[in-house]
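The tour goes from one selection to the next.

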Amino acid sequence: MASSPSLLALVALLALLSPAALAAGREERVRIRVYVHEQFSGPNATVGSVAPSRLGGNSTFGEVGVVDDVLRAGPDPSSREVGRYQGLFAGADLADANYFSAITLVFTAGEHRGSTLSLQGSYSFPGDEVLERAVVGGTGGFRMARGVSLLKVVSTPPDAAVFQLDLVVFTPRRRY
C-alpha cells in the first residue's frame, strides 16, 4: 500500500507535537544537591506528629505530621544554610505504614534564593531506601518546574537525621 500525502503529513505533525520535540531547546535542566537536617526531639525539634491515628494501636492511617527542617549545602551541621524543607505528611494506607507527603523547599540563600520547589509523593516508613518524589511546581526561578527528587539517609546521629536530597528540575527557558 502506497503512503498517501495526508498520512505522511499526519505522521510529521505528530512528530512535531511529541513532548521531546516540544521540550527541545525550550527547557533548562538544573541539578541540585542539598542536605536536609532533621531534629526528632527536644526544644529544637523540626518534625512531629500533630494528630495521631484515630484507629489506635500501631495504625498510622490518618496520622498527620509537619516538618520544618533546615536545608544545608553539606552534610555537616555547620555547613551553610540554604533554606528550609517544610511540609506535611499523612498516613494514607490502612494496611501498612505508608504516608503521603507534600513538601516545599524554600531557598533563602545561595544561587536559588527567593525561589521554591514543591515536591509530592508517597513513602513507606521504615522501608524506602531511596525516597522518590515528583517535583510538581515552583516559584521564582523555578516557576512551572517539573522533575524528580531522590532522598536518602546519610547519617542518623542521636535524635536526628541527615538526608541527601538530589533534584533534577526542568523549567521553561522563557519566563512567564
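Select Glu27: this residue is partly exposed, at 22% relative accessible area (buried is under 20%, exposed over 50%, partly exposed in between; 1.4 Å probe, protein chains only). Glu27 sits in strand β1 (residues 27-39) and Arg146 in strand β8 (residues 146-155), 119 residues apart. Strands are DSSP runs of E, at least two residues, numbered from the N terminus.

This is a predicted model: local features need pLDDT of at least 70, side-chain atom pairs pLDDT 80 or more, while totals for chains, interfaces and linings use all residues. Numbering runs from 1 along each chain as its sequence is written, and side-chain values use heavy atoms, without hydrogens and water.

Next, pick Arg33 and Asp166. Their closest N and O atoms are 2.6 Å apart, in a salt bridge. Asp166 is in strand β9 (residues 160-172) and Arg33 in strand β1, so the pair ties together parts 133 residues apart in sequence. Arg33 is partly exposed, at 48%.

Now go to Arg84 and Glu81. Their salt bridge spans 3.8 Å, N to O. Arg84 is partly exposed at 21%, Glu81 at 33%. The structure holds four salt bridges.

Last stop: Leu88, in strand β4 (residues 81-91).

Note on methods. Helix = DSSP H or I, 4+ residues; strand = E, 2+ residues; numbered from the N terminus. Salt bridge = Lys/Arg side-chain N within 4 Å of Asp/Glu carboxyl O.
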